[in-house]
Amino acid sequence: MMDQLKESLYQLIVETSTNLPKDVRRAIAKAKTRENSGTRAAMSLATITENIQMADENVSPICQDTGMPTFKIYTPVGVNQLKIKDAIYWAIVEATKHGKLRPNSVDSLTGENSGNNLGEGNPVIKFEQWENDYIDVRLILKGGGCENKNIQYSLPCEVEGLGRAGRDLDGIRKCILHSVYQAQGQGCSAGVIGVGIGGDRTSGYELAKAQLFRSLDDENPNEQLRELEEYIVENANKLGIGTMGFGGETTLLGCKVGTIHRIPASFFVSVAYNCWAYRRLGVKLNPDTGEIQEWLYQEGEEVTFPKEEEKVENQTKEVVLQAPISEEQIRELKVGDVVRITGMMYTGRDAIHKYLSDHDCEVDLNGQIIYHCGPVMLKDEDEKWHVAAAGPTTSIREEPYQGDIMKKFGIRAVMGKGGMGPKTLAALKEHGGVYLNAIGGAAQYYAECVQAVEGVNYTQFGIPEAMWHLRVKDFTAVVTMDSHGNSLHQDVDKSSLEKLAQFKEPVFK
């Protein structure tokens, strides 16, 4: 039984990481029909759907950030939960070894990566007993970019753009709308939100995340919550944030709301934001054999996305960038330009940026491109590294360092997702640099652009945080912050805040 249980849980992890469930595919297909052809949002969705198909065909991670695996398990009375835990640990290690999960478990004090996705509190496993005669195992892989856009409100409060939110359904409505606005493109929109009303700070967030285990196609049995869910999806999509925060018709794919009791002094509204790469699946297991009896979230017809290329119309230009890049070349670029990178670029995330703020670099970065990316890396038979997944990470985390590091080392372009803030924008203008927005979650699409791994530095920080030397071809991104002080992210934030303000008046009384 134990061997079969291990294999079943391994299959669940692999499928969750590589095969987007049918309800999410349907929602993304519907979003595509709403976008106007030739826009940045349409180009992004074309890339996203191609990436979904590639991940499925390659049995490789949809997104390189496989997050902190969270299991919700229901067991019949008498089932040994300790054995299930042991089987999960084995399956997590195996999935990491084979590149289906990225090693993401980091000691919070030392910064050391365990290398196998195990550690204190990782993975998250929650058990409940029930009267049914089968084991129900559900898994969600929620990446750090969208996890960082979770938000909790304590009512009553003042909500930016919407005014006072009271301790009632309309105050809850304001909080949820604001949660979508504040995420912008940093959580890889278009996204899905789970909302928990009530509880304490901990149970509220747990309830919010539990809503993400619901199907996008279900209907809330509570009439008030059903109306609220429908209202939020309809009106959040009027904010104009769009896919990747580029602007567009689809900002939210779904909203699921649950409620629990609270104490009189506290009224929390907790929101768990999930990216478009909404990786959650489940299985029903035979408690005696450990075999899979049924897959969950896979009802309905197959949803496939044929390969297509969506061109951005009315763009300023399309430019090939090859490092080393001169300041003159950078000054010619403007927001909206599409670039195709050919040649070398170097990955650098949180640990690298912190380190370089106080140290010299082992690599000459003058005129080079830094890619905010923590790839999934595997060694081939010749012990050479190759990239298994390589989408961008959220860039705003590097805001305290980025401008200074660009000037210190002569970096001309930084690439990630979600944009950066005023400090970086000022540095781009002063130094002569650009910010390039790649499509968040498109880990297979971008991995195919990598022709070779030519070196690596700073492996002491762990695989995701090391500096990988990547030789690429036709690596596509959009200039969203330029050297002239322009920022698409700033513009979308401003316009979406103005649109948010139209929802000030009470709706639910």
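Before listing any lining, I note the meaning of the term: a pocket is an open set of grid points with protein on both sides within 12 Å along at least five of seven lines, and its lining residues have an atom within 4 Å of a point. The model I am reading is a predicted one.

I began with the second largest pocket, which has a volume of about 510 Å³. Its lining is made of 21 residues, and those nearest the centre are Lys30, Leu216, Val233, Leu253 and Gly254. When I asked which elements give two or more residues to this lining, I found α2 (22-34), α8 (223-236) and β8 (252-259). Sorted by class, the lining of this second largest pocket has twelve charged, six nonpolar and three polar residues.

I then turned to the largest pocket, for which I noted about 1,500 Å³ of space. It is lined by 48 residues, with Gly67, Met68, Asn104, Asn122 and Glu147 lying nearest its centre. At least two residues of the lining come from each of β1, β2, α5 (144-147), α7 (201-211) and α10 (350-356). By class I recorded 18 charged, 17 polar and 13 nonpolar residues in the lining of the largest pocket.

**Cavities**

How many cavities of 30 Å³ or more does the structure hold? I found three of them, and the largest cavity contains about 120 Å³ of space. That largest cavity is lined by 17 residues, of which Cys63, Asp65, Gly145, Cys188 and Lys417 are the closest to its centre. Its lining divides into seven nonpolar, seven polar and three charged residues.

**A five-stranded sheet**

I next traced an open sheet of five strands, whose order is β2-β1-β3-β10-β11 and whose pairing is mixed. Its edge strands, each pairing on one side only, are β2 (124-130) and β11 (292-296). On average, neighbouring strands of this sheet are turned by 15° against each other, with direction ignored. Within the sheet I looked at β3 (residues 135-141) and β10 (residues 279-285), which run antiparallel and are joined by seven bridges; here Leu139 stands opposite Leu281 of β10. Across β1 (70-76), β3, β10 and β11 lies helix α1 (residues 2-18), which runs at about 155° to β10.

**A helix pair**

I also checked how helix α6 (residues 169-183) packs with helix α14 (residues 488-500), and noted an angle of about 170° with the axes 10 Å apart. The angle is over 145 degrees, and therefore α6 is roughly antiparallel to α14. From α6 the contact takes Leu177, His178 and Tyr181, and from α14 it takes Asp493, Ser496, Leu497 and Leu500. By class this contact has four nonpolar residues, two polar and one charged.

**Backbone**

Where do I find cis peptide bonds? One joins Asn122 and Pro123, with omega about 5°, and Pro123 lies in the loop between α4 (81-97) and β2. Asn122 is also one of the residues nearest the centre of the largest pocket. Another cis bond joins Ser189 and Ala190, with omega about 10°, and Ala190 sits in the loop between α6 and β7 (191-197). Finally, I noted that Met244, a residue other than glycine, has a positive phi near 65°; Met244 is in the loop between α8 and β8.

Terms used
Residues are numbered from 1 along each chain as its sequence is written. This is a predicted model: local features need pLDDT of at least 70, side-chain atom pairs count only at pLDDT 80 or more; totals for chains, interfaces and linings use all residues. Side-chain values use heavy atoms; hydrogens and water are left out. On a 1 Å grid over the protein atoms alone, a cavity is a set of points where a 1.4 Å probe fits but cannot get out, and a pocket is an open set with protein on both sides within 12 Å along at least five of seven lines; lining residues have an atom within 4 Å of a point. Grid points are joined across faces, edges and corners, and a volume is the space filled by probe spheres set on the points. Ala, Val, Leu, Ile, Met, Phe, Trp, Tyr, Cys and Pro count as nonpolar, Asp, Glu, Lys and Arg as charged, and the others, Gly among them, as polar. Two strands pair if DSSP finds at least two bridges between them. Helices (H or I, at least four residues) and strands (E, at least two) are DSSP runs, numbered from the N terminus. Axes are lines fitted to C-alpha atoms, for helices over the stretch in contact, and angles run from 0 to 180 degrees between N-to-C directions. Contact means heavy atoms within 4.5 Å. Angles under 35 degrees count as roughly parallel, over 145 as roughly antiparallel, 65 to 115 as roughly perpendicular and the rest as oblique.
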